[in-house]
Amino acid sequence: MTTTNFSPAPTIALIGAGTIGTAWAVVFASAGMMVRLYDAEAARLPAALDMARARLDDLAAYGLIDGDVDDIMTRITPAAELDAALDGADHVQENAPEDLALKRDLLARIAEIAPATCTIASSTSFIEPSRLFDHVEGRERCLVLHPGNPPFLIRVVEVVPAPFTSPDAIARCNALLERAAMAPIAVNKEVEGFVFNRLQGALLREAYCLVRDGVTTAGDIDRIVRDGMGIRLAVTGPFENADLNAQGGIEGHAKRMGPSYARLGAERGQNDPWTDEMVATVAAERRAALPLDQKDARAAWRDRAVMTILRARKELLN
Ligand SMILES: NC(=O)c1ccc[n+]([C@@H]2O[C@H](COP(=O)([O-])OP(=O)(O)OC[C@H]3O[C@@H](n4cnc5c(N)ncnc54)[C@H](O)[C@@H]3O)[C@@H](O)[C@H]2O)c1
């Protein structure tokens with residue numbers, strides 16, 4: 001594949017028009033791109049178009065998209081056949097069910113038909129790109145772009161290349177995502193579930209154990225996350241949060257809390273204590289992002305950001 005930038009209005013082929021395919025249509029079409037929407041069950045396409053319009057209406061009502069919804073909808077074209085969807089495509093995003101055999105077969109067919117210059121991505125939630133694309137034609141243009149659900153609200157996308165993915169394909173996908181107002185996050189190693197679902201999984205695993213052990217109820221876990229840690233995590237990540245909350249920043253936090261968290265992990269059979277080396281790596285990143293003498297000012301900013309969220313929630317819940 002040669003290094004080429006996408007055309008002024010790139011054509012995106014979305015293969016699979018369920019929850020994620022339809023949400024991607026909203027993202028790409030509202031960014032001015034031409035979208036082809038294909039599904040193995042053609043009868044699903046009218047409902048997908050209705051869903052896309054409803055989501056665009058909501059986004060417009062909240063001032064979260066520019067442009068007229070009717071105009072944006074003209075850029076989403078249903079395709080009855082796979083060939084028609086892929087004809088002249090600049091990028092393919094596969095959104096079929098999470099089934100390795102199904103995806104491998106579908107991706108091989110896509111790679112045979114799609115233009116050689118076209119990048120090919122899967123939205124898979126868990127499957128490493130090496131296992132999805134090792135057999136396809138032109139696999140150097142293939143990778144995983146894993147969105148949150150729905151991508152028109154959760155604007156981060158995990159970019160997961162296989163060892164055989166070319167730097168050019170990665171660069172093109174990053175540029176495409178940025179153009180679609182998405183934030184690409186580089187995943188540097190292939191691990192099942194990538195980063196997003198590993199973090200979600202850690203929380204859900206512990207939540208299930210606490211319910212199983214009768215410590216609390218599912219409803220109260222939802223309240224603790226929603227009204228407790230989730231409020232802060234909406235404006236800081238877990239590392240920044242720990243950094244801001246502890247005297248001495250993240251190193252002070254790890255020193256005081258590390259042994260307790262290590263015991264909780266060991267109780268669940270996970271023996272990954274936060275070693276001095278691990279803490280030093282994270283602390284170096286934190287100090288590069290925020291010198292310790294600016295910590296109080298940032299914490300005050302964080303609190304005001306939380307107040308903004310609390311005010312919005314008050315309006316929502318009233
Ligand atoms: N739903 C989520 O929260 C979420 C988030 C991120 C990523 N994903 C991933 O996105 C992918 C799609 O998930 P979803 O939730 O949209 O599933 P879904 O069941 O809502 O949609 C899948 C669609 O694919 C169609 N399909 C089945 N076989 C096909 C084929 N051979 N060719 C074309 N279309 C085919 C189905 O008819 C269906 O409309 C999965 O890999 C999933 O893991 C899902």
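## Domain organisation

The domain assignment of the chain, which is automatic or taken from a database, gives domain 1 (11–186) and domain 2 (196–317). The centres of domain 1 and domain 2, taken over C-alpha atoms, are separated by 32 Å.

The model is predicted: local features need pLDDT of at least 70, side-chain atom pairs count only at pLDDT 80 or more, and totals for chains, interfaces and linings use all residues. Residue numbers start from 1 along each chain as its sequence is written.

## Overall fold and dimensions

The chain has 13 helices and eight strands, these being DSSP runs numbered from the N terminus (helices H or I, at least four residues; strands E, at least two). The radius of gyration of the chain is 22 Å, close to the 20 Å that the globule rule gives for 318 residues, so the chain is as compact as a globular protein of that length. The radius is taken over C-alpha atoms, and the globule rule is 2.2 Å times the number of residues to the power 0.38. Along the principal axes, the C-alpha atoms of the chain fill a box of roughly 60 × 45 × 45 Å.

## Ligand shell

The ligand is surrounded by 23 residues, of which the closest are Gly16, Gly18, Ile20, Ser125 and Asn149; a residue counts as near if its C-beta atom, placed from the backbone, lies within 6 Å. Two or more residues of the shell are given by each of helix 1 (19–30), helix 5 (100–113) and strand 6 (142–147). Helix 1 supplies the largest share, three residues.

By class, the shell holds nine nonpolar, 10 polar and four charged residues. Ala, Val, Leu, Ile, Met, Phe, Trp, Tyr, Cys and Pro count as nonpolar, Asp, Glu, Lys and Arg as charged, and the others, Gly among them, as polar.

## Packing around helix 11

Helix 11 (residues 249–267) packs with helix 12 (residues 276–289) at an angle of about 155°, their axes lying 8 Å apart. Axes are lines fitted to C-alpha atoms over the stretch in contact, and angles run from 0 to 180 degrees between N-to-C directions. Helix 11 and helix 12 are therefore roughly antiparallel (angles over 145 degrees). Gly249, Ile250, Glu251 and Ala254 of helix 11 meet Val279, Val282, Ala283 and Arg286 of helix 12, with contact requiring C-beta atoms, placed from the backbone, within 7 Å. The contact comprises five nonpolar, one polar and two charged residues.

Helix 10 (residues 238–245) packs with helix 11 at about 85°, with the axes 7 Å apart, which makes helix 10 roughly perpendicular to helix 11 (65 to 115 degrees). Here Phe239, Ala242, Asp243 and Asn245 of helix 10 meet Gly249, Ile250 and His253 of helix 11. This contact has three nonpolar, three polar and one charged residues.

Key
Angles under 35 degrees count as roughly parallel, over 145 as roughly antiparallel, 65 to 115 as roughly perpendicular and the rest as oblique. Two residues are in contact if their C-beta atoms, placed from the backbone, lie within 7 Å.
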